[in-house]
Amino acid sequence: MSEATKPQPQAKGEKTPISDTSYVGIDAILEQMRRKAMKQGFEFNVMVVGQSGLGKSTLMNTLFKSKVSRKSVQPNVEERIPKTVEIKSVSHDVEEKGVRMKLTVIDTPGFGDQINNENCWQPIMKFINDQYETYLQEEININRKKRIPDTRVHCCIYFIPPTGHCLRPLDVEFMRHLSKVVNIVPVIAKADTLTLEERDSFKKTIREELRANGIDVYPQKEFDEDAEDRMINDKIREMIPFAVVGSDQEYQVNGKRILGRKTKWGTIEVENIAHCEFAYLRDLLIRTHMQNIKDITCSIHYETYRVRRLNESNILFTSNPPDHPAPATPQPNGVAAHRSSVE
Amino acid sequence: PNQTGRNRSHTVGKLTEKQYVGFATLPNQVHRKSVKKGFDFTLMVAGESGMGKSTLVNSLFLTDLYKDRKLLNAEERINQTVEIIKHTVDIEEKGVKLKLTIVDTPGFGDAVNNNECWKPITDYIDQQFEQYFRDESGLNRKNIQDNRVHCCLYFIPPFGHGLRPVDVEFMKALHEKVNIIPLIAKADCLTPNEIKKLKDRIREEIDKFGIKVYQFPECDSDEDEEFKQLDKELKECTPFAVIGSNTVVEARGQRVRGRLYPWGIVEVENQSHCDFVKLRNMLIRSHMHDLKDVTCDVHYENYRAQCIQEMTSKLAQDNRMESPIPILPLSTPDVDTEKLIKMKDEELKRMQEMLNKMQQQMHDKEQ
């Protein structure tokens with residue numbers, strides 16, 4: 001039986017609950033949670049996808065105000081376009097105001113750079129599913145770790161080249177396939193080549209095309225939790241994709257040091273919302289919605305994967321798909337254990 | 001074939017004020033979500049009738065959970081078995097919502113023959129684990145209800161000289177399933193010296209019998225001195241000697257929860273009178289989250305590991321394909337499980353051969 005507590009005034013000495021000034025202290029549990037979270041630290045895994053030269057690495061560095069991108073970490077490696085899409089992860093431990101975070105930036109060099117780009121999203125899809133699989137295997141283990149290391153891709157930033165016209169077939173194909181398994185945040189890269197009018201009309205076209213193709217990017221409408229969320233997220237949905245400019249160079253403007261790009265006709269201030277929408281992207285990704293992005297990955301994308309795997313394993317009990325041969329271990333009654341491929 | 005890049009960890013280090021990125025807001029983002037969702041906590045109380053369990057619960061949470069309770073008389077209690085009764089109450093304070101479930105165990109220790117009177121209790125705890133295991137392994141994990149018991153307050157009578165056999169057996173039956181916090185009940189019938197002696201005795205016996213009661217986690221080295229001091233005092237004070245009260249009395253010009261005696265007034269919240277405040281602070285204000293964590297990470301995981309091993313070996317024996325709950329065939333089973341399965345397989349083969357031989361012999365005899 002459920003009942004809220006209600007104090008009732010009664011004479012001294014008789015059975016009576018305590019007056020309103022008494023206080024149990026259950027709100028202290030928030031502080032306990034915070035303490036624990038601070039001790040443990042957080043994890044955040046972000047993937048960047050887009051053709052070479054769209055400023056992916058620079059944008060990551062700008063977002064996290066440090067040299068977190070793969071290029072910064074391996075500055076002397078000769079830049080060449082790989083023959084196939086590669087997946088390269090770099091992790092960093094960052095700390096801010098006592099909050100520790102393990103940030104992993106996953107780069108995808110080679111995407112969209114070939115002459116024939118058919119199915120170039122497949123290695124990316126496989127990587128994302130592999131992370132889900134790793135997590136799932138750990139979760140169903142008999143002796144599982146207290147805190148399962150989370151390598152799942154929480155967010156995938158997709159860089160749209162600033163053509164000003166519309167989405168390219170490759171953009172549509174990629175986002176159509178991947179929006180079902182990961183949170184996609186599309187951005188218009190190198191937006192300093194678009195005037196404000198061009199930018200607005202480009203964004204409108206992109207939004208229409210996303211809608212027409214049934215592509216649900218973050219924040220997805222169906223995952224809004226309540227009216228308050230919906231209000232906040234509707235405003236964001238009217239603004240995406242964010243038109244961003246990245247830079248890790250500082251300049252002096254009006255007596256302040258700001259990150260920007262200096263040209264003969266003026267200096268573009270990255271964090272100035274009159275110039276570009278970088279600040280909105282940063283706020284969304286880091287300051288307001290980071291936890292929500294992780295929650296949707298855990299409770300929706302991962303769960304979808306898990307349900308599919310559970311259903312598959314009940315049906316495909318004996319087949320061994322080509323790229324995941326059954327491990328050579330004895331199993332009850334000769335049933336081969338396997339990891340079925342997902343695509 | 002594409003390969004994932006090797007992960008290398010670099011420490012970029014602390015960001016200065018100027019380089020504020022903003023992920024320091026993460027704890028607040030998590031905070032906000034928790035406040036919306038609210039918390040839940042399941043507390044079990046166990047001990048003989050008349051130890052003041054209900055009164056203590058009312059005092060701890062400032063509720064009146066038991067006002068419609070009917071107490072049985074001695075005759076009615078003869079045939080009473082241990083029951084499990086749940087009370088749920090929603091408490092809200094400063095915007096934080098807590099769904100508190102109190103699991104009562106009336107009848108425990110009251111019979112003439114109390115052999116295994118804790119069995120209904122251990123069964124209940126196991127059932128909650130099993131339910132959670134099923135839910136967690138199931139397909140729809142959206143709204144799993146956590147009914148696992150996070151903490152068990154065990155009331156030791158103050159009249160004896162330490163732990164009685166039933167106390168020892170109860171705690172040993174439960175210490176690997178739930179966080180046990182032993183309490184000295186009705187501590188207002190003991191003088192401070194007597195309390196100290198009793199606490200020392202009980203602590204000794206807990207050690208001697210190998211009972212694993214709930215341990216407070218170690219303090220972090222970077223906590224402030226005040227916190228460390230409080231923590232030390234808390235640990236030295238166990239088992240807590242508590243007093244509860246459903247009545248308000250006037251003491252020292254204030255209205256407080258207490259008990260009125262001809263020789264004086266016992267104040268529940270007076271730290272020099274009893275350890276009620278320490279218990280409340282520990283249970284609610286500082287260790288509630290840790291109690292839940294230990295339940296999830298230790299007690300539940302132990303149950304789960306045991307359960308899976310039993311199921312896997314049973315599957316080998318029964319020659320069955322479907323398991324009672326959806327689990328994936330383990331691609332890399334534990335070495336132990338593997339050995340166990342191999343053993344059972346061989347045993348089965350041997351038994352089958354013996355059976356065949358016997359059947360053959362019988363068949364020959366008949367001919």
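Helix α1 of chain A (residues 28-40) packs against helix α1 of chain B (residues 26-37) at an angle of about 145°, and their axes lie 10 Å apart. The structure described here is a predicted model. The crossing formed by α1(A) and α1(B) is right-handed. On the chain A side, the residues that meet the partner helix are L30(A), M33(A), R34(A) and M38(A). Their counterparts in α1(B) are P27(B), N28(B), V30(B), H31(B), S34(B) and V35(B).

The 13 residues of α1(A) should span 18 Å at 1.5 Å a residue, and the end C-alpha atoms are 19 Å apart, which agrees. The buried residues of this helix are A28(A), I29(A), L30(A), Q32(A), M33(A) and A37(A). After α1(A) comes G41(A), with a positive phi near 85°.

Helix α4 of chain A covers residues 122-140 and has 19 residues. From its first C-alpha to its last, α4(A) reaches 26 Å, close to the 27 Å expected at 1.5 Å a residue. Because 15 of its 19 residues are buried, α4(A) is largely enclosed by the rest of the structure.

## Composition of chain B

Chain B contains 10 helices and 10 strands. Among its 367 residues, 45% count as buried. Of the contacts in chain B with a separation of 6 or more, 68% are accounted for by residues 24 or more positions apart.

Strand β5 of chain B (residues 151-156) is mostly covered, with 6 of its 6 residues buried. Both of its faces are covered. On one side lie C151(B), L153(B) and F155(B), and on the other C152(B), Y154(B) and I156(B), all of them buried.

β5(B) pairs with strand β2 of chain B (residues 39-46) in the parallel sense, over 4 bridges. Within this pairing, C151(B) of β5(B) is the bridge partner of L43(B). A parallel pairing of 5 bridges also links β5(B) with strand β6 of chain B (residues 180-184). Here the bridge partner of L153(B) is I181(B) in β6(B). Between β5(B) and β6(B) the chain crosses through helix α5 of chain B (residues 165-174), and this β-α-β crossover is right-handed.

## The three-stranded sheet of chain B

Chain B has an open sheet of 3 strands in the order β8-β9-β10, with antiparallel pairing. Its edge strands are β8 (248-251) and β10 (264-267), each of which pairs on one side only. From one strand to the next, the twist averages 70°. β8(B) is joined by 4 bridges to strand β9 of chain B (residues 254-261), and the two run antiparallel. In this pair, V249(B) has V256(B) of β9(B) as its bridge partner.

The loop between β8 and β9 of chain B contains R252(B). At 65% relative accessibility, this residue counts as exposed, because the threshold for that class is over 50%. Leaving aside neighbours within four places in sequence, R252(B) is in contact with E267(B) and N270(B). R252(B) and E267(B) are separated by 15 residues in sequence, and their C-alpha atoms are 10 Å apart in space.

## The three-stranded sheet of chain A

In chain A, an open sheet of 3 strands has the order β7-β8-β9, again with antiparallel pairing. The edge strands of this sheet are β7 (250-253) and β9 (266-269), and each pairs on one side only. Neighbouring strands are turned against each other by 65° on average, direction ignored.

Strand β8 of chain A (residues 256-263) and β9(A) are paired in the antiparallel sense over 4 bridges. One position in this pairing is G260(A), whose bridge partner in β9(A) is E269(A).

Terms used: Residues numbered from 1 in each chain as written. Chains lettered and ligands numbered in written order. Predicted model: local features only at pLDDT ≥ 70, side-chain atom pairs only at ≥ 80, totals over all residues. Heavy atoms only, no water. Buried < 20%, exposed > 50% of the residue type's maximum accessible area, 1.4 Å probe, protein only. Pairing = 2+ DSSP bridges. Right-handed = clockwise from strand over helix to strand, strands pointing away. Expected span 1.5 Å × (residues − 1). Axes fitted to C-alpha atoms, helices over the stretch in contact; angles between N-to-C directions. Left-handed = near helix turned anticlockwise from the far one by under 90°. Contact = heavy atoms within 4.5 Å.
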